[in-house]
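Please keep the model open while reading.

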Amino acid sequence: MTALTMPARPDPDGASPRPLPWRRMAGVTWRQHRIALAAVAVLLGALAVWLWITGTPLHHAYAAAAACHPASSAACQSLAGTFNGTNDRMAGGTTPGGVLLQLVPVLIGAFAGAPVLARELETGTFRYTWTQGFGRCRWALAKLVLLAAALAAATGAVGVLVSWYYQPYFAPGHPALPLNQMSPFETLFTLRGVAFPAWTMAAFTIGALAGMLIRRVVPAIIATLAVYATLAVATAGLLRERYLTPLVTSNPNPPGTAWTISQWWTRDGRSAFASPPLSLINRFCSAPPAGRSKNAPFGTFAQCLAPHGYTQWTSYQPASRFWPFQWIEGGWLLVLSALLIAGTIWLVRRRAA
Amino acid sequence: MNVVEASGLGKRYGGTWALRECTLQIPAGRVAALVGPNGAGKSTLLNLAVGLSVPSAGAVSVLGGRPAGSRAALDGIAFVAQDTPLYKNLPVADMIYVTRSLNRRFDQRYARARLDELGIPLTRRAGRLSGGQQAQLALTLALARRPRLLILDEPVAMLDPVARHDFMATVLAAAAADGMSVLLSSHVLTELERVASYLILLARGQVRLAGEVADLLATHGQASLEELAMTYLLETRTPVVPR
């Protein structure tokens with residue numbers, strides 16, 4: 001075999017060449033990750049179609065009920081019943097589609113985020129990539145930021161669709177119509193607004209850092225699942241309700257769209273108990289049968305205990321705080337993602353072969 | 001100009017020195033062979049020279065004083081790592097695209113013409129090529145960057161004799177054509193006889209011998225590179241414990 005083709009003479013080059021333009025990483029990232037990106041697009045596309053198909057009858061039923069005049073007429077009450085009877089196919093995220101939607105961020109983190117660097121380290125291709133002229137830190141930064149932005153944009157679009165789906169339930173109430181309402185906090189808070197793309201970005205960057213630390217794909221995926229689950233549970237259970245100081249009311253019926261944080265009772269200005277003991281209920285609230293007492297609404301207790309000096313207090317987050325809460329959650333997750341990317345780049349810089 | 005300069009260079013993994021007190025200057029325009037048994041520190045030295053590793057002691061610079069691993073250094077160096085890592089799921093055309101995008105210079109016409117000569121189809125995934133073809137693809141991508149220094153880590157270890165010959169012929173042709181310097185490591189001594197003009201002998205993490213092949217052969221009175229290398233390597237080997 002003869003080598004006929006020769007490379008041309010190299011250009012004279014300076015001791016400190018200008019860095020290569022960042023835009024070159026767009027094509028590189030696309031070619032390397034198009035299968036992962038296509039898989040994400042198919043998943044989100046299918047969920048979007050499902051949301052649209054199931055959300056349309058919900059919106060029709062709501063529009064018909066809300067436009068009905070006069071509201072007290074039997075026809076309007078029947079339309080309200082139709083809306084209330086229309087199945088919420090998400091059922092607060094408990095149907096298969098709703099569960100899948102809630103798993104989107106962690107799936108993206110585990111199967112798109114964790115392999116980004118772990119596969120390079122596991123297969124040894126980092127020895128090819130990190131010795132090219134682009135520079136390994138700039139390569140890692142460009143790739144992580146591009147992928148995180150693309151994934152955030154895609155999930156942000158689906159988040160808008162989820163918000164649209166639930167719009168009828170969060171619409172301002174029609175006092176004369178008994179339309180179902182939900183608290184915007186308790187209904188898939190993380191799948192709407194800015195929280196959905198922010199959680200996706202956080203999951204992706206958790207995966208990238210785990211991959212860089214662990215250097216193997218499968219253990220990095222497992223670590224990503226564990227860290228994401230811990231963070232999501234801690235945020236939902238402990239952190240979110242503390243973003244802003246809850247409002248406190250002694251009105252036994254706080255607004256139906258409010259997110260109730262806790263309830264307690266006082267007597268003569270002193271704390272009495274978290275929930276009325278059975279002995280007290282039996283003494284003062286003997287009207288409802290004993291068998292029903294567990295299921296009796298608190299309003300009933302409040303009414304029968306109030307004459308005896310007991311006051312029920314409720315701390316809650318009003319529905320009007322939905323967007324402030326969204327921005328707080330989106331904000332700290334964005335900061336977390338940026339820190340995780342910075343940590344990953346730091347590891348790339350100091351990683352020795 | 002020296003293409004690689006190391007002074008007091010050392011690399012420690014845990015408590016073991018993989019490379020110790022390595023001081024050498026490899027002049028430009030040579031095909032330099034880094035020779036030594038397995039575990040002698042060859043890959044360690046090459047990884048330090050391309051900046052994949054950070055020295056535990058001393059310093060290494062390339063292409064006339066550019067710090068190893070700096071952008072200026074990587075701009076002029078092409079490195080083909082051991083087992084020629086490639087993105088196995090990417091078609092050959094995409095490997096060309098990626099390499100062109102990540103470098104300031106890339107001779108696309110050379111790359112395509114060379115792969116055409118080798119009969120490597122651009123649409124095939126890199127992972128579906130034979131071992132010899134993968135090595136040739138990695139080499140072609142490296143040469144198309146028109147480097148001033150080509151570094152090859154055990155380039156022919158996994159290849160059959162014909163593929164070895166073809167691979168080395170490509171390296172020598174490119175070196176002869178534009179004065180590119182080459183630094184390659186190998187434990188296959190016979191391969192180096194024809195190609196090397198400069199020799200660095202490494203054993204147990206230390207440089208035992210370094211210099212122009214012609215001078216070394218004359219000084220030490222050996223007929224071939226292989227005999228010369230063997231003489232030194234036998235001196236430094238671990239003593240065999242008699243039964």
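Helices and strands here are DSSP runs, numbered from the N terminus, with at least four residues required for a helix (H or I) and at least two for a strand (E). The model is a predicted one.

## Backbone angles in chain B

With that numbering, B:T84 is placed in the loop that lies between β6 (77-80) and α3 (92-101) of chain B. Its phi is near 35 degrees, a positive value in a residue other than glycine. B:T84 counts as buried because it has 26 C-beta neighbours inside 10 Å, where 20 or more are required.

A second case is B:E154, found in the loop between β7 (149-153) and α6 (161-178) of chain B. Phi of B:E154 is also positive, near 45 degrees, and this residue too is not a glycine. Because B:E154 has 21 C-beta neighbours inside 10 Å, this residue counts as buried.

## Two helices of chain A

Helix α6(A), residues 195-214, packs against helix α7(A), residues 217-239, at an angle of about 135 degrees and with the axes 9 Å apart. The two helices are therefore oblique to each other, and their crossing is right-handed. On the α6(A) side the contact is made by A:A203, A:I206, A:G207, A:A210, A:G211 and A:I214, while α7(A) contributes A:P219, A:A220, A:A223, A:T224, A:V227 and A:Y228. Sorted by class, this contact has nine nonpolar and three polar residues, and no charged ones.

Helix α7(A) has 23 residues and reaches 31 Å between its first and last C-alpha, close to the 33 Å expected. In α7(A), the residues A:A220, A:I221, A:A223, A:T224 and A:Y228 are buried, and what covers the buried residues of this helix includes α3 (96-123) and α6 of chain A.

## Contact between chains A and B

Between the chains, 34 residues of chain A are in contact with 43 residues of chain B. On the side of chain A that touches chain B, α1 (24-66) and α4 (126-129) of chain A each supply at least two residues, and the largest share, five residues, comes from α1(A). By class, that side of chain A has 17 nonpolar, 11 polar and six charged residues.

Notes: Residues are numbered from 1 along each chain as its sequence is written. Chains are lettered from A and ligands numbered from 1 in the order in which they are written. This is a predicted model: local features need pLDDT of at least 70, side-chain atom pairs count only at pLDDT 80 or more; totals for chains, interfaces and linings use all residues. Axes are lines fitted to C-alpha atoms, for helices over the stretch in contact, and angles run from 0 to 180 degrees between N-to-C directions. Angles under 35 degrees count as roughly parallel, over 145 as roughly antiparallel, 65 to 115 as roughly perpendicular and the rest as oblique. A crossing is left-handed if the near helix is turned anticlockwise from the far one by less than a right angle, and right-handed if clockwise. Two residues are in contact if their C-beta atoms, placed from the backbone, lie within 7 Å. Ala, Val, Leu, Ile, Met, Phe, Trp, Tyr, Cys and Pro count as nonpolar, Asp, Glu, Lys and Arg as charged, and the others, Gly among them, as polar. The expected span of a helix is 1.5 Å times one less than its number of residues. A residue is buried if 20 or more other C-beta atoms lie within 10 Å of its own, exposed if 12 or fewer, and partly exposed in between; C-beta atoms are placed from the backbone.
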